[in-house]
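I opened the notebook to record what I looked up in this structure. The entries follow in the order I made them.

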Amino acid sequence: MEVGAGVAYWAMLLSRMGVDVVAYDLHPPPSATNQWFADTMPWHPVECRDIDVVAQHPDRTLLMIWPTKNEDWPGDALLAFLEAGGEWLVYVGEGPGGRSGDDRFHSLLGSIDRCYPCDYGIDAQCVCDVSRNWRRHLTVEIPTWDGCDDRLELYQALGSAARAGPANPIPSVRRRALEALLRRPRRR
Ligand SMILES: C[S@@+](CC[C@H](N)C(=O)[O-])C[C@H]1O[C@@H](n2cnc3c(N)ncnc32)[C@H](O)[C@@H]1O
(Lines give C-alpha, C1' and ligand atoms only; values in the text may rest on other atoms or scores of the structure.)
Protein backbone atom coordinates (compact mmCIF):
# COMPACT_ATOMS: atom_id res chain seq x y z
CA MET A 1 0.00 0.00 0.00
CA GLU A 2 1.64 3.18 -1.17
CA VAL A 3 0.42 6.48 0.31
CA GLY A 4 1.38 9.87 -1.05
CA ALA A 5 2.06 7.87 -4.19
CA GLY A 6 2.22 10.71 -6.71
CA VAL A 7 2.58 9.00 -10.10
CA ALA A 8 3.07 5.63 -8.38
CA TYR A 9 6.16 4.57 -10.34
CA TRP A 10 7.35 2.07 -7.75
CA ALA A 11 3.78 0.75 -7.39
CA MET A 12 3.84 0.04 -11.13
CA LEU A 13 7.16 -1.82 -10.85
CA LEU A 14 5.86 -3.89 -7.96
CA SER A 15 2.64 -4.64 -9.77
CA ARG A 16 4.54 -5.84 -12.84
CA MET A 17 6.35 -8.25 -10.55
CA GLY A 18 3.06 -9.71 -9.43
CA VAL A 19 2.81 -7.86 -6.13
CA ASP A 20 -0.74 -6.94 -5.12
CA VAL A 21 -0.27 -3.20 -4.70
CA VAL A 22 -2.69 -0.36 -4.06
CA ALA A 23 -1.70 3.29 -4.35
CA TYR A 24 -3.28 6.38 -2.79
CA ASP A 25 -2.73 10.10 -2.89
CA LEU A 26 -4.70 13.06 -1.60
CA HIS A 27 -4.30 14.68 -5.03
CA PRO A 28 -3.96 11.86 -7.55
CA PRO A 29 -2.19 12.94 -10.72
CA PRO A 30 -2.94 14.33 -13.21
CA SER A 31 -5.01 16.54 -10.89
CA ALA A 32 -4.09 20.22 -11.14
CA THR A 33 -4.05 20.33 -7.33
CA ASN A 34 -0.98 18.09 -7.19
CA GLN A 35 1.91 20.52 -7.02
CA TRP A 36 4.45 17.92 -8.21
CA PHE A 37 2.54 15.98 -10.85
CA ALA A 38 -0.20 18.20 -12.26
CA ASP A 39 -1.00 17.06 -15.82
CA THR A 40 1.19 13.97 -15.46
CA MET A 41 -0.48 10.61 -15.98
CA PRO A 42 0.33 8.09 -13.24
CA TRP A 43 2.12 4.84 -14.03
CA HIS A 44 -0.33 2.86 -11.89
CA PRO A 45 -3.91 3.58 -10.74
CA VAL A 46 -3.90 6.02 -7.82
CA GLU A 47 -7.03 6.40 -5.71
CA CYS A 48 -7.92 9.68 -4.06
CA ARG A 49 -7.54 9.03 -0.32
CA ASP A 50 -6.04 10.78 2.66
CA ILE A 51 -3.66 8.86 4.92
CA ASP A 52 -6.63 7.60 6.99
CA VAL A 53 -6.74 4.78 4.45
CA VAL A 54 -3.74 3.10 6.12
CA ALA A 55 -6.02 1.93 8.95
CA GLN A 56 -7.93 -0.19 6.44
CA HIS A 57 -4.87 -2.17 5.35
CA PRO A 58 -2.79 -3.13 8.40
CA ASP A 59 -2.12 -6.48 6.71
CA ARG A 60 -0.24 -4.80 3.86
CA THR A 61 3.25 -3.34 3.86
CA LEU A 62 3.11 0.45 3.96
CA LEU A 63 5.25 2.09 1.26
CA MET A 64 6.21 5.75 1.62
CA ILE A 65 8.46 7.30 -1.00
CA TRP A 66 9.73 10.83 -0.56
CA PRO A 67 6.89 11.83 1.80
CA THR A 68 6.63 15.60 1.87
CA LYS A 69 9.22 17.49 3.88
CA ASN A 70 8.09 19.21 7.08
CA GLU A 71 4.43 18.25 6.87
CA ASP A 72 2.49 16.31 9.52
CA TRP A 73 0.89 13.67 7.32
CA PRO A 74 3.87 11.27 7.00
CA GLY A 75 4.14 10.96 10.80
CA ASP A 76 0.35 10.77 11.12
CA ALA A 77 0.35 7.89 8.61
CA LEU A 78 2.95 6.00 10.64
CA LEU A 79 0.95 6.42 13.84
CA ALA A 80 -2.39 5.45 12.24
CA PHE A 81 -0.84 2.37 10.60
CA LEU A 82 0.73 1.28 13.86
CA GLU A 83 -2.49 1.89 15.77
CA ALA A 84 -4.35 -0.32 13.29
CA GLY A 85 -1.85 -3.15 13.82
CA GLY A 86 0.36 -2.53 10.77
CA GLU A 87 3.76 -4.17 10.98
CA TRP A 88 5.92 -3.55 7.92
CA LEU A 89 7.06 -0.27 6.43
CA VAL A 90 9.26 0.51 3.44
CA TYR A 91 10.56 4.07 3.42
CA VAL A 92 12.41 5.61 0.49
CA GLY A 93 13.81 9.04 1.10
CA GLU A 94 16.47 11.04 2.85
CA GLY A 95 17.45 10.96 6.52
CA PRO A 96 16.73 13.48 9.28
CA GLY A 97 17.16 17.08 8.12
CA GLY A 98 16.87 15.94 4.51
CA ARG A 99 14.24 16.64 1.91
CA SER A 100 11.62 14.13 3.01
CA GLY A 101 9.61 13.74 6.20
CA ASP A 102 9.84 15.94 9.27
CA ASP A 103 11.64 15.49 12.60
CA ARG A 104 8.64 13.74 14.16
CA PHE A 105 8.55 11.23 11.28
CA HIS A 106 12.27 10.51 11.65
CA SER A 107 11.96 10.30 15.44
CA LEU A 108 9.18 7.71 15.13
CA LEU A 109 11.51 5.70 12.91
CA GLY A 110 14.28 6.01 15.49
CA SER A 111 16.59 8.00 13.23
CA ILE A 112 16.62 10.93 15.69
CA ASP A 113 17.64 9.84 19.16
CA ARG A 114 17.13 13.04 21.16
CA CYS A 115 15.37 16.38 21.04
CA TYR A 116 18.07 18.65 19.60
CA PRO A 117 15.98 21.84 19.87
CA CYS A 118 15.56 21.35 23.62
CA ASP A 119 19.03 19.91 24.31
CA TYR A 120 20.99 22.44 22.24
CA GLY A 121 18.62 25.40 21.78
CA ILE A 122 18.35 24.79 18.04
CA ASP A 123 15.37 26.39 16.33
CA ALA A 124 13.60 23.26 15.08
CA GLN A 125 10.62 21.01 15.78
CA CYS A 126 10.47 19.73 19.39
CA VAL A 127 10.23 15.95 19.50
CA CYS A 128 10.39 15.45 23.28
CA ASP A 129 7.05 13.67 23.33
CA VAL A 130 7.74 11.41 20.35
CA SER A 131 8.66 7.79 21.03
CA ARG A 132 10.46 5.64 18.56
CA ASN A 133 8.13 2.87 17.44
CA TRP A 134 9.86 1.25 14.45
CA ARG A 135 12.94 -0.93 14.12
CA ARG A 136 15.08 -0.74 10.99
CA HIS A 137 15.99 -4.12 9.49
CA LEU A 138 17.62 -3.08 6.24
CA THR A 139 19.11 -0.06 4.53
CA VAL A 140 19.63 -0.45 0.80
CA GLU A 141 21.52 1.93 -1.45
CA ILE A 142 19.53 2.81 -4.57
CA PRO A 143 20.24 4.78 -7.75
CA THR A 144 19.80 8.46 -6.90
CA TRP A 145 19.57 11.74 -8.72
CA ASP A 146 22.64 13.98 -8.48
CA GLY A 147 22.69 15.75 -5.14
CA CYS A 148 20.11 13.44 -3.58
CA ASP A 149 20.89 11.20 -0.63
CA ASP A 150 17.93 8.85 -0.59
CA ARG A 151 17.96 5.19 0.29
CA LEU A 152 15.45 2.42 0.90
CA GLU A 153 14.82 1.31 4.46
CA LEU A 154 12.75 -1.58 5.71
CA TYR A 155 11.16 -1.23 9.16
CA GLN A 156 9.14 -3.44 11.44
CA ALA A 157 6.85 -2.08 14.15
CA LEU A 158 8.39 -2.41 17.60
CA GLY A 159 6.64 -5.02 19.65
CA SER A 160 5.76 -7.11 16.62
CA ALA A 161 9.08 -8.99 16.24
CA ALA A 162 7.85 -11.93 18.31
CA ARG A 163 5.10 -12.57 15.76
CA ALA A 164 7.60 -12.72 12.89
CA GLY A 165 9.97 -15.24 14.48
CA PRO A 166 13.65 -14.73 15.22
CA ALA A 167 15.35 -16.66 12.40
CA ASN A 168 13.97 -14.84 9.37
CA PRO A 169 12.08 -11.75 10.42
CA ILE A 170 11.31 -10.65 6.87
CA PRO A 171 8.58 -12.78 5.26
CA SER A 172 10.05 -14.49 2.20
CA VAL A 173 7.49 -13.07 -0.23
CA ARG A 174 8.33 -9.53 0.85
CA ARG A 175 12.03 -10.27 0.71
CA ARG A 176 11.76 -11.58 -2.87
CA ALA A 177 9.70 -8.59 -4.03
CA LEU A 178 12.15 -6.21 -2.41
CA GLU A 179 15.17 -7.89 -3.95
CA ALA A 180 13.59 -7.95 -7.41
CA LEU A 181 12.62 -4.30 -7.13
CA LEU A 182 16.09 -3.25 -6.11
CA ARG A 183 17.71 -4.94 -9.07
CA ARG A 184 15.89 -2.56 -11.41
CA PRO A 185 17.32 0.85 -12.29
CA ARG A 186 15.10 3.70 -11.15
CA ARG A 187 14.36 6.71 -13.29
CA ARG A 188 12.42 9.76 -12.12
C1 LIG B 1 6.89 14.84 -2.61
S2 LIG B 1 5.52 14.06 -3.38
C3 LIG B 1 6.12 12.38 -3.53
C4 LIG B 1 5.34 11.55 -4.49
C5 LIG B 1 5.87 10.15 -4.77
N6 LIG B 1 5.83 9.33 -3.59
C7 LIG B 1 7.27 10.19 -5.36
O8 LIG B 1 8.24 9.77 -4.72
O9 LIG B 1 7.42 10.66 -6.49
C10 LIG B 1 4.37 13.94 -2.03
C11 LIG B 1 3.00 13.39 -2.43
O12 LIG B 1 2.22 13.29 -1.24
C13 LIG B 1 0.89 13.67 -1.53
N14 LIG B 1 0.22 14.08 -0.28
C15 LIG B 1 0.33 15.27 0.36
N16 LIG B 1 -0.43 15.27 1.47
C17 LIG B 1 -1.04 14.06 1.52
C18 LIG B 1 -1.96 13.44 2.43
N19 LIG B 1 -2.41 14.09 3.52
N20 LIG B 1 -2.39 12.19 2.17
C21 LIG B 1 -1.95 11.54 1.09
N22 LIG B 1 -1.08 12.04 0.18
C23 LIG B 1 -0.64 13.30 0.40
C24 LIG B 1 1.05 14.77 -2.55
O25 LIG B 1 -0.14 14.98 -3.30
C26 LIG B 1 2.22 14.26 -3.38
O27 LIG B 1 1.77 13.49 -4.49
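I began with helix 2, residues 73-83, and listed its buried residues as P74, G75, A77, L78, A80, F81 and L82. I count a residue as buried if 20 or more other C-beta atoms, placed from the backbone, lie within 10 Å of its own. Helices here are DSSP runs of H or I with at least four residues, strands are runs of E with at least two, and both are numbered from the N terminus.

I noted that this is a predicted model, where local features need pLDDT of at least 70, side-chain atom pairs count only at pLDDT 80 or more, and totals for chains, interfaces and linings use all residues. Residues are numbered from 1 along each chain as its sequence is written.

What do the buried residues of helix 2 pack against? I found strand 1 (2-3), strand 4 (62-65), helix 3 (103-108) and strand 7 (151-157). Contact means that two C-beta atoms, placed from the backbone, lie within 7 Å. After helix 2 comes G85, with a positive phi near 100 degrees.

Next I looked up helix 1, residues 9-16, where W10, A11 and L14 are buried. Seen down the helix axis, these buried residues fall within an arc of 105 degrees, so they line one face of helix 1. The arc is taken from the directions from the helix axis to the C-beta atoms. Just after helix 1, G18 has a positive phi of about 95 degrees.

Last, I wrote down the whole protein: 6 helices and 7 strands. Of its 188 residues, 32% count as buried.

Key. Buried ≥ 20, exposed ≤ 12 C-beta atoms within 10 Å, placed from the backbone.
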